[in-house]
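Let's take a friendly walk through a protein model. Have a look at the sequence and the 3D view before reading on.

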Amino acid sequence: MSFDQVLIKCGAPAFCGIKPASLFSINTEYYGNEFEKLSELSACFSGAGIFIVPIQKTEKRILLFVYNKKLLQQKCAKNEALAYLKEKKYPVEKGFEAILLELISRLLMNGNFPHEVGFFLGYPLEDVVQFELNNGSGFRFCGDWKVYSNVESALVQMDEYATCRKYCSTQLEKGVDIPQAAKNYIAYKNNLNI
């Protein structure tokens, strides 16, 4: 799989503005000479408020945190979200940027993902909390995440992510670059909603 294909497979919903964030790992040995594209992609997407943060985990692995600032800010601004993040020792009183920096710091420092990362990735807060309380077992459905609450709503959301990935992958196969594939998907989605 090419570097661009991995970025689309793992990050398309965030690039297209239907998911607040995506987080995935890339092998630096395999894709080492492709990382120059990240700064180009970051420049293309920053005008739309979408950012790519590389987080070096090991010599051979890098995490890519792709986030839509507007969607993530909205998610973090809700009262129940703020209470949850405060309980997890995030500096909520300092605002969104401080919360984001704390998350990135935790991703950089921890060997494992902190449980709350699912919240930032757009999973329902109830599912994130129940995942932690149940140590990942006892879920009602497993797809993009383990669902403990509203399966029907989760299936709709997962289907939207899958449609986005498939559409953008098809665009990539036609020679369209990632930023244009995201724009095309947004236009396609808007036409469906008319």
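## Before we start

This is a predicted model, in which local features need pLDDT of at least 70 and side-chain atom pairs count only at pLDDT 80 or more, while totals for chains, interfaces and linings use all residues. Residues are numbered from 1 along each chain as its sequence is written, and side-chain values use heavy atoms, with hydrogens and water left out.

A disulfide is a covalent bond between the sulfur atoms of two cysteines.

Cys16 has 6% relative accessibility, so it counts as buried. Cys164 is buried too, with a relative accessible area of 0%.

## Strands side by side

Helices (H or I, at least four residues) and strands (E, at least two) are DSSP runs, numbered from the N terminus. Two strands pair if DSSP finds at least two bridges between them.

Strand β3 covers residues 61-68, and seven of its eight residues are buried. It pairs with β1 (residues 21-27) in the antiparallel sense, over seven bridges. In that pairing, Ala21 sits opposite Tyr67 of β3. Strand β2 (residues 50-56) also runs antiparallel to β3, joined by seven bridges, and Pro54 has Leu64 of β3 as its bridge partner. A hairpin of four residues links β2 to β3.

## Two helices packed together

Helix α1 (residues 3-15) packs against helix α9 (residues 151-173) at an angle of about 150 degrees, with their axes 8 Å apart. Axes are lines fitted to C-alpha atoms, for helices over the stretch in contact, and angles run from 0 to 180 degrees between N-to-C directions. The two helices are therefore roughly antiparallel (an angle over 145 degrees).

## A residue in a loop

Glu34 lies in the loop between α2 (28-31) and α3 (36-46). Its relative accessibility is 24%, so it counts as partly exposed. Glu34 and Gln157 are 123 residues apart along the chain, and their C-alpha atoms are separated by 31 Å.

Terms used
Buried < 20%, exposed > 50% of the residue type's maximum accessible area, 1.4 Å probe, protein only. Parallel < 35°, antiparallel > 145°, perpendicular 65-115°, else oblique.
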